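Work through the exercises below with the sequence and the structure at hand. Each task is followed by a solution in steps.

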Amino acid sequence: MNRRIAVVGAGIMGLSSSLHLATSLRLDGVPATVEVFAETFSPHNTSDGAAGLWHPLPDSGRETDWAFATYDWLRFLMRKPIHGLIGISEFSGFRLVSQDLGQEDPIWKDRIPGFSFLTRNEIKKRGFPSDAAGFVYLAMMIQGNRYCQWLFDCVKRLEIKIHKQKVESFSQFVGQFDVVINCSGLGAISLCSDNEVEPVRGQIIKMEAPWIKQFIIYNGKHQKKAYVVPCVDYVAIGSTLQPGNWDRTVNPDDRKMILDMCYELEPSLKKARIVDEWVGLRPGRRSGTRVEIEAVSYKNGSIQVVHNYGHGSKGLTFHWGCAQEATRLAYQALGVVGRQKLADQLYGLIEFQSKM
Ligand SMILES: Cc1cc2nc3c(=O)[nH]c(=O)nc-3n(C[C@H](O)[C@H](O)[C@H](O)COP(=O)(O)OP(=O)(O)OC[C@H]3O[C@@H](n4cnc5c(N)ncnc54)[C@H](O)[C@@H]3O)c2cc1C
């Protein structure tokens, strides 16, 4: 019996969930069709513009697991010759926090190469804010536009059907599909009547500064947050975190604040040219990311929905771990028993498809 699965959304969550699920089903020999329904596609989604740092803090059981599943996947891709083309890079860098907010001691420090705490002397020598404490570690950068375009290409190669369509209600899938994977980001406000979901406005500046090879994240007092993230094509600096703000236009006051903060962290940026400015709305969810299964009933019947939305400022960090969990939940909904797939099997299938 052929199973039909609808995935709503084509941001990083919808694309990685479709890809992970379709390849897993294929490798497990389960006859199934995966179809993507989305109102907008790359390069017009939040996922395309995101700064791109894999950043797993604060520690939290489930989220740390998602972050590390993603980390393993990204390090795996990093070893492939295409990593630059698909927007993946690896740099060491600094996570700094104002000492008044308390020293961070992440539970994952032994899992990350090159992790060490910074001494007062190192902070001073590098010219970082004098109130800062922190550590250095090796992290992954994901340039959203390149990576999402690659995921989209993989999805097409796997012959996953794509529908450009706004879904008004999951009821349209009742009787036609076995399961829906809901990766609608902010769309969950209306699709699931989820009042916990809200936009968290983020403005960033993309700069031409190829000499910058280290990332810096600074979490200061009075909500002073700044980062400098070297991606493949530019260095992203930011940002604002404004819950409830739907304004997608670039704000000059925010621009000034970002530049002032980032010049303080990395003075050489003063010599860099601005190549782009962008505002995105993070799909925030006050009670945290929702990855769970729900049977939803409508007048025309019911359908199982695997939710995968509300990733806030961590969607790039969590995406592969959440895709794995969405696959596990979809298998549960379909009553299918599967094996845990290795990343290279998935990748092998994608590469194989790309040669066809
Ligand atoms: C300035 C900024 C910087 C960021 N930096 C980082 C970072 O460094 N690291 C990190 O981990 N994360 C970062 N993020 C967060 C990250 O971008 C998001 O968490 C992630 O993009 C969310 O992905 P998504 O697929 O859920 O949403 P989206 O990319 O918004 O995609 C949602 C999809 O759902 C579709 N959709 C919605 N409703 C419907 C409907 N009714 N019918 C059909 N389709 C629908 C949309 O068309 C779209 O295709 C940043 C975000 C911003 C704004």
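A residue counts as buried if 20 or more other C-beta atoms lie within 10 Å of its own. The model used here is a predicted one.

**Exercise 1.** Describe the overall build of the chain, starting with its buried share.

*Solution.* Next, turn to the radius of gyration: a compact globule with 356 residues would have one near 21 Å, and because the chain has 21 Å, the two agree. Along the principal axes, the C-alpha atoms fill a box of roughly 65 × 40 × 35 Å. Finally, the secondary structure consists of 9 helices and 15 strands.

**Exercise 2.** Determine how the axes of helix α3 and helix α8 are oriented relative to each other, and what makes the contact.

*Solution.* The axes of α3 (residues 61-78) and α8 (residues 315-334) come within 6 Å and cross at roughly 100°. Angles of 65 to 115 degrees count as roughly perpendicular, so α3 is roughly perpendicular to α8. On the α3 side the contact includes Trp66 and Trp73, while α8 contributes residues including Phe318 and Trp320. Sorted by class, this contact has 7 nonpolar, 5 polar and 2 charged residues.

**Exercise 3.** Characterise the shell around the ligand.

*Solution.* Of the 41 residues around the ligand, Gly11, Gly187, Gly202, Gly280 and Gly315 come nearest. Among the elements that each supply at least two residues of the shell are α1 (12-27), β8 (197-208) and α8. By class, the shell has 16 nonpolar, 21 polar and 4 charged residues.

Notes
Residues numbered from 1 in each chain as written. Predicted model: local features only at pLDDT ≥ 70, side-chain atom pairs only at ≥ 80, totals over all residues. Axes fitted to C-alpha atoms, helices over the stretch in contact; angles between N-to-C directions. Helix = DSSP H or I, 4+ residues; strand = E, 2+ residues; numbered from the N terminus. Parallel < 35°, antiparallel > 145°, perpendicular 65-115°, else oblique. Contact = placed C-beta atoms within 7 Å. Nonpolar A, V, L, I, M, F, W, Y, C, P; charged D, E, K, R; others polar. Rg over C-alpha atoms; globule rule 2.2 N^0.38 Å. Buried ≥ 20, exposed ≤ 12 C-beta atoms within 10 Å, placed from the backbone. Near = placed C-beta within 6 Å.
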